[in-house]
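Notebook open, structure loaded. I'm jotting down what I look up as I go.

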Number of protein chains: 2
Amino acid sequence: MKIQQQLPIHSYKPGNGFIGSYQKLIRNVVIPYQYEVLCDKAEDTEKSHVIDNFRNAAKALRHENTGDGFYGMVFQDSDAAKWLEAVAYSLSVFPDEKLEKTADELIDIIADAQDKDGYLNTYYTIKDKDKRWTNILEGHELYCSGHMMEAATAYFEATGKDKLLKVMEKNAEHIYNIFIEKGHEGYPGHPEIELALMKMYRLTKNERLLSLARHFIDIRGVDPHYYEKERKERSWTVWNGDGRNHHYQQSHAPVREQKDAVGHSVRAVYLYTAMADAANTTDDKQLLEACRNLWNSITQKRMYITGAIGSTVHGEAFTEDYDLPSDTAYAETCASIGLMMFASQMLQGEVNGEYADIMEKAFYNTVLAGMAKDGKRFFYVNPLEVIPGISGKAVTHRHDLTQRPKWYTCACCPPNVARLISSFGKYAYGEGKDTAYCHLYAEGEVIFSNGVKLKCETGYPYNFIIRYIIEKGGKIAIRIPGWSKNHTLTVNGIKTEAEISSGYIYLTANDGDEILLNLSDEVKIIYPSSRIPTLSGLVSIMRGPIVYCFEGTDNDGDVLSLRLRKNGAIKVKSLDCEQLGSTVQLELEGLREHTCDSLYSSQEPAFIPCTAKAIPYYLWGNRGENQMRVWIPYK
Amino acid sequence: MKIQQQLPIHSYKPGNGFIGSYQKLIRNVVIPYQYEVLCDKAEDTEKSHVIDNFRNAAKALRHENTGDGFYGMVFQDSDAAKWLEAVAYSLSVFPDEKLEKTADELIDIIADAQDKDGYLNTYYTIKDKDKRWTNILEGHELYCSGHMMEAATAYFEATGKDKLLKVMEKNAEHIYNIFIEKGHEGYPGHPEIELALMKMYRLTKNERLLSLARHFIDIRGVDPHYYEKERKERSWTVWNGDGRNHHYQQSHAPVREQKDAVGHSVRAVYLYTAMADAANTTDDKQLLEACRNLWNSITQKRMYITGAIGSTVHGEAFTEDYDLPSDTAYAETCASIGLMMFASQMLQGEVNGEYADIMEKAFYNTVLAGMAKDGKRFFYVNPLEVIPGISGKAVTHRHDLTQRPKWYTCACCPPNVARLISSFGKYAYGEGKDTAYCHLYAEGEVIFSNGVKLKCETGYPYNFIIRYIIEKGGKIAIRIPGWSKNHTLTVNGIKTEAEISSGYIYLTANDGDEILLNLSDEVKIIYPSSRIPTLSGLVSIMRGPIVYCFEGTDNDGDVLSLRLRKNGAIKVKSLDCEQLGSTVQLELEGLREHTCDSLYSSQEPAFIPCTAKAIPYYLWGNRGENQMRVWIPYK
């Protein structure tokens, strides 16, 4: 059962704070830039061709010459879908007729690419109609449909226009026909459609969408050899996948029996998101129990301090418990977005601050790190340590780039960041039967379905005073983050007696009340579990939800020889510069280790006092190539 | 010019000390066991078939049915060669008629497999004669010939029997004909034959062997695209190698221009060994300069504290400067053997203790770690940290096994260890025009060509008193290792005034003199260069040449939470147990870190005093699966 759920998109309007400024960056820079990419008009960028793919697919359906045909990855369609979804959320915050017209036109182009039977995928429509539904392992047909269903749902929610929604309902009907009525035994190679069907079900109340979502969840891994059989029956492949790595594709066991988070980390959390949504929606306790196990596996054993997941580039995947290398991390941006989605769904069934804590951790660290401050460059991979000369260069570190690259052909993360930031209100606030939930601290105005209307003012995440001005009263639940060692909550200046229950304070506010939450602004030394081999003897620094890092630029170009002095003083300084914007820098008492030139020596190094300067991790890599490190020896 | 060179094999007879006991283990266990493997008579071991390959090749030459044909790797022949070489060295120390007869019979079988034109390789002879010399990149024909030349040289040196030597001289003549006279443009895919030709040249003085070795050295990398062209000209491959990774195969530039040690680490050091030998033999200053650069690249930037090299499993290769991860190391046993060979050649041209220091470091740590105490199991890969649950399991750690496996199909390291240990005298002692050189401390009797005859008594590497009893006097040079902070050297009880010159003390001894060398027995804390990212804040422990490690077995099963107390007391304890034999254990003041259950916490861990117990690294993994760590936090 869902105790509370995400707000409708129009219910949150950001102010001029941190979230608002990021949403503006998405609106003003990222969305236009990404549209140029989709149209192949952006400079110095890999070709996308995604819109032309849709145009050419329409030609193929009309039996016309398909021109320059299909170009890109087999899942190229999803770039257009994620862009449209971001546009939808953005339009709800910043209405923009011109942008809406552009989106409408793109929807027309997409609609034209749909076959009579509801099928929609440009790769197969252009290339080879006969291959449809023969390669569920690699083909990404269900994945692309899923993303387009998410876009359709969001666009209807934002604009009230149902053209794309109708296209995708027809598409879902087609898929229902293939997989349920005709009995196709496949299940999604890249889980995504499951969560999209749940979203579309919530909007349309069409029970067939729910049952299709449940079908894909329930049959997954029941026959773990499905993909191998499928492979034997066809003569073509995309990447020569043989379907034998069952853990990679989360098909090693029925999902209800899965205990460890394994395999491709984005696929994993997309799947778990759908599982949690379905479990809460249909009150499926067994499925929810599986979700809890998987959640615990991630957050108690397989997650970086930045909320990043997926330790290895091999399969972009989870590895083993406590295997969390900083330097060779994969830690994909999309995976942390997926973790936020999973957390948000878990939180809907169980209002527990732990879920919101992780959601916040993933957002303020890995998700934001995924995008440069200028909104034009993007990290897929988010290592916690970068050393030029090794990172991006050694064969084991090739994926760990020292600088954010531009858009690439496999452009999953950039539009994913855009849609996540634009829909931040859905993660920050929630509404239950009679309670308004404030999960994350996002400045702006919020209207809840229980009638509560409030305005939130805050300088969060750099200032820890959150002021809620209650325009219309009612029951409110406000999260107290697990990282805040102490807090005060006052209503009209009077300290509340209410105790924290599972990370939330529940109170009833009256019209005109002013609720003031003060969270701890303490800079904290964070100690890793001794079970994490790569972090022995190291510590990291946090302030609020923000993980800090040390960059060479601030530390004489050499972070490797930097040590933190135990119990040293820490200064909190405002910093405002062009490359980083307005932020908070930390100055800590440090020691500079001077070792001799040889690789190994019995000569004790000298330690010279110095100042160690740290900036928020999410801002790293905005000032040129240099060393970066989150974890640092503590002496 | 060679200032000094390795002793003839008969010149050193071990005593009952450390070296002697290892040579006996090789003689009594390893050689018989490996022969059983070669004959496919060993239990629970992967099939070798190597002797049957030679028998079947002989049949092929006689146009008879080849029976069960060829089995194994394309370089399977080399296992027989390395075994024969080990046998040769062993026979010179421990004469054994029965073993010699077995070796003679194997040589007969090998000789029968040689074609009329001198060609010798069972893979091609059995499988497809027409493929000869068409795949120099992967085919290993030159590699197998090289190992057999080494065996032939050693066997003649040990027994005076020249049957195999004649076979290999004829084989060399054939190769000379193909590559020099007929102008085949290839150069060895896996360098090895170059150093073997140099060895055979030194024995036979046949100038054509020297010029063939120089030819292979000189043309390497002159046309870096040779392998790619070769690939295009043939329709078959062994491993689908395309020859495009020039660094992997050290063909990216002419060898004289190579500065960084790159690519497959065994290939690299085999090549550099031959380069150093040729440079010193022919007084080629430019080539020697290249060797010095490559030596410095390895020892100043790319070597583990254990003398291991090759940081990554990908290509079993060097990576980048200071990229020396403990847990994902490849660190192949054969590569450290090759490093000893390279060091020994460098030392022949320049008597500098640094070369001997590294030779010793590689031997007492990685090379010995390559073999279990019982002589029956072997590590190819020698990580400096092993954590069950991650090591051998996570996709990035699959190669880092927690226990020594038995012999495998790709059996390069086990016989390599056997031949190295059996020929230890060649590395330990050297002879110049008029000086006897004592490079490493190996108990036993030594006769030098300058007439010096001495007996060395020592409990090294666990006791640091080395006694040389001079039976016949003359000029002697004794190395003082770089790791010994202080030493005393007495001649007949009188402290010598002689100063250290490049790591050696030179003196003239008289008949009957007793020279006593006392080296430092201090346990040393070793600090890594701050440029090595993975070792920040960690230290390791050495005593003499031996690197220590911490194993779970001695430390309550948990090494990950173990810390060393800064400036804590250290106890040196003799340990004698069945699994480790007689060794020295260290007991250090430690701290046990108690962190809370969560992955990351702001709660400061508790540190409870404890005793940290360390054993020599080379003995790790002899007591069942457990955690192991060389580098440890120092608090």
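I started at B:Pro14, whose bridge partner in strand E6 of chain B is B:Gly444. This is a predicted model, so I kept to its limits: local features need pLDDT of at least 70, side-chain atom pairs count only at pLDDT 80 or more, and totals for chains, interfaces and linings use all residues. Residues are numbered from 1 along each chain as its sequence is written, chains are lettered from A and ligands numbered from 1 in the order in which they are written, and side-chain values use heavy atoms, with hydrogens and water left out.

**Entry: the sheet in chain B**

E2(B) and E6(B), residues 444-447, run antiparallel and are joined by three bridges. Two strands count as paired if DSSP finds at least two bridges between them. The strands and helices I cite are DSSP runs (H or I of at least four residues for helices, E of at least two for strands), numbered from the N terminus. Stepping back, I find seven strands of chain B in an open antiparallel sheet, ordered E2-E6-E7-E8-E13-E10-E11. Strands E2 (12-14) and E11 (494-495) of chain B each have a single partner strand, so one side of each is left without a neighbour in the sheet.

**Entry: strand E5 in chain A**

Which strands pair with E5(A), and in which sense? E4(A), residues 429-432, pairs with E5(A) in the antiparallel sense over three bridges, while E9(A), residues 474-479, runs parallel to E5(A) and is joined to it by four bridges. A hairpin through two residues connects E4(A) to E5(A). For landmarks, I noted A:Tyr429 opposite A:Cys438 in E5(A) and A:Thr435 opposite A:Lys475 in E9(A).

I also checked the faces of E5(A), residues 435-438, and both are covered: A:Thr435 and A:Tyr437 on one side, A:Ala436 and A:Cys438 on the other, are all buried. Buried here means under 20% relative accessible area, exposed means over 50%, and partly exposed is in between (1.4 Å probe, protein chains only).

**Entry: another hairpin in chain A**

E18(A), residues 570-577, and E19(A), residues 581-594, pair antiparallel over eight bridges. They form a hairpin with three residues between them, and I marked A:Val572 as standing opposite A:Leu586 in E19(A).

**Entry: aromatics**

My search of the whole structure gave 66 aromatic pairs over all chains. The rings are those of Phe, Tyr and Trp (its six-membered ring), paired if their centres lie within 6.5 Å; planes under 30 degrees apart are stacked, over 60 edge-to-face, the rest tilted. B:Tyr123 and B:Tyr124 make an edge-to-face pair, 5.0 Å centre to centre with 70° between the planes. B:Tyr123 is buried at 12% relative accessible area, and B:Tyr124 is buried at 1%.

For charges over rings I required NZ of Lys or CZ of Arg within 6 Å of the ring centre and within 35 degrees of the ring normal. B:Lys47 lies over the face of B:Tyr71, 4.4 Å from the ring centre. A:Arg234 lies over the face of A:Trp236, at 6.0 Å.

**Entry: a loop lysine**

Buried or exposed, I wondered about B:Lys205? B:Lys205 is exposed, with a relative accessible area of 57%. It lies in the loop between helix H8 (193-204) and helix H9 (207-219) of chain B.

**Entry: the two chains together**

Chain B superposes on chain A by a rotation of 180° with 0.0 Å of shift along the axis, RMSD 0.0 Å. The two copies are thus related as by a two-fold rotation axis.

Contacts (heavy atoms within 4.5 Å) involve 61 residues of chain B and 61 residues of chain A. About 4,500 Å² is buried between the chains, with carbon and sulfur atoms giving 58%; that area is the accessible area (1.4 Å probe) lost on putting the two parts together, summed over both. B:Tyr527, B:Leu599 and B:Tyr600 supply 19% of what chain B buries against chain A, more than any other three residues.

Terms used. Least-squares fit on C-alpha atoms with pLDDT ≥ 70 in both.
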